[in-house]
Amino acid sequence: MRSIPNKFSQYADRIRGLASQSLNDPAAIPNLRMESCQIRNREVTMCYAPFDYVNRDARIVIVGMTPGRQQAGNALRAAQAALMKGMPLDKAAKDAKVFASFSGSMRGNLVRMLDLVGVAELLGLETTATLWDRDSALVHFTSALRYPVFVDGDNWSGNPDMVKTPELRRWLEDYTGEELAALPNTILVPLGPKVTAALNHLASLGKIDKNRIMAGLPHPSGANNERIAYFLGEKAADLCSAKTNTVALDTAREALRARVSQLK
């Protein structure tokens with residue numbers, strides 16, 4: 001079985017000793033800092049938060065950008081609580097990851113788009129909505145940059161570019177690259193074009209199968225509502241603003257349906 005980088009045991013004692021109020025800003029906790037570098041006069045820092053757990057039984061992986069400050073704080077709180085109860089390290093790590101994983105308003109948009117292109121049928125489900133409850137054993141959540149990354153203390157939002165910047169590219173390859181390489185038979189769903197570019201880079205290195213990347217879904221955030229509505233057939237092309245490229249969305253939708261059909 002392929003080994004996946006896991007730093008939870010290294011940081012467990014530090015997490016136990018953290019003051020609860022400090023968890024509101026993990027980026028400011030010195031003993032959680034993993035690496036730091038200067039890129040174009042900006043300080044880019046990777047901090048530890050317990051996102052190590054990997055569901056090796058997953059059939060689908062949902063890949064975001066990187067855990068933000070709030071998500072990292074939630075994971076650290078859950079890990080601290082589990083450790084203080086005396087849970088084994090592997091159980092504490094799992095509980096922390098599951099507690100803090102992708103959720104919220106984006107979920108409904110993502111479910112509808114995955115169902116539309118046939119992913120629910122591919123997984124033998126009535127709807128991918130059950131991946132968040134009854135069928136959670138089938139899904140794994142991760143990020144292109146697995147551990148939280150901050151730029152000048154703020155959540156990293158894609159700049160500097162993780163593929164074009166050597167330091168961030170190494171973090172992508174060393175952590176998420178090895179994690180996804182251990183899940184060779186999963187469907188990979190990147191959230192947004194920057195994550196898609198990251199997965200394509202990992203595919204170019206042979207760490208993942210490019211044919212399993214479900215690229216082309218509009219990002220499921222509420223800020224993308226018009227593109228999502230058009231993708232789902234809920235808004236006509238002539239009613240869309242100039243910012244929505246309906247031809248590109250049509251092409252992406254049909255390409256995704258074809259890819260899912262190939263995988264069945």
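User: Which residue is the bridge partner of Val 151 in β6?

Analyst: In general, strands of a sheet pair through backbone hydrogen bonds, either parallel or antiparallel. Here Val 151 has Asp 154 of β6 as its bridge partner. Strand β5 (residues 149–151) pairs with β6 in the antiparallel sense, over two bridges; two strands count as paired if DSSP finds at least two bridges between them. Strands are DSSP runs of E with at least two residues, helices are runs of H or I with at least four, and both are numbered from the N terminus.

A word on the model: it is predicted, so local features need pLDDT of at least 70 and side-chain atom pairs count only at pLDDT 80 or more, while totals for chains, interfaces and linings use all residues. Residues are numbered from 1 along each chain as its sequence is written, and side-chain values use heavy atoms, with hydrogens and water left out.

User: In what order do the four strands of the open sheet come?

Analyst: The order is β1-β2-β5-β6, with antiparallel pairing. β1 (33–39) and β6 (154–155) are at the edges with a single partner strand each, so one side of each has no neighbour in the sheet.

User: Which strands does helix α6 lie across?

Analyst: Helix α6 (residues 166–181) lies across β1, β2 (42–47) and β5, and runs at about 150 degrees to β1. For such angles, axes are lines fitted to C-alpha atoms, for helices over the stretch in contact, and the angle runs from 0 to 180 degrees between N-to-C directions. Contact means heavy atoms within 4.5 Å.

Arg 169 sits in helix α6. Setting aside residues up to four places away in sequence, Arg 169 touches Met 162, Val 163, Lys 164 and His 201.

User: Is Thr 45 buried or exposed?

Analyst: Buried means under 20% relative accessible area, exposed over 50%, and partly exposed in between (1.4 Å probe, protein chains only). Thr 45, in strand β2, counts as buried at 6% relative accessibility. Arg 169 counts as partly exposed at 25%. Beyond four places in sequence, the contacts of Thr 45 include Phe 150 and Trp 171.

User: How many disulfides does the structure hold?

Analyst: A disulfide is a covalent bond between the sulfur atoms of two cysteines. The cut-off used is a pair of cysteine sulfur atoms within 2.5 Å, and the structure holds zero. For Cys 37, the nearest cysteine sulfur is that of Cys 47, 12 Å away. Cys 37 is buried at 15% relative accessibility, and Cys 240 is buried at 14%.
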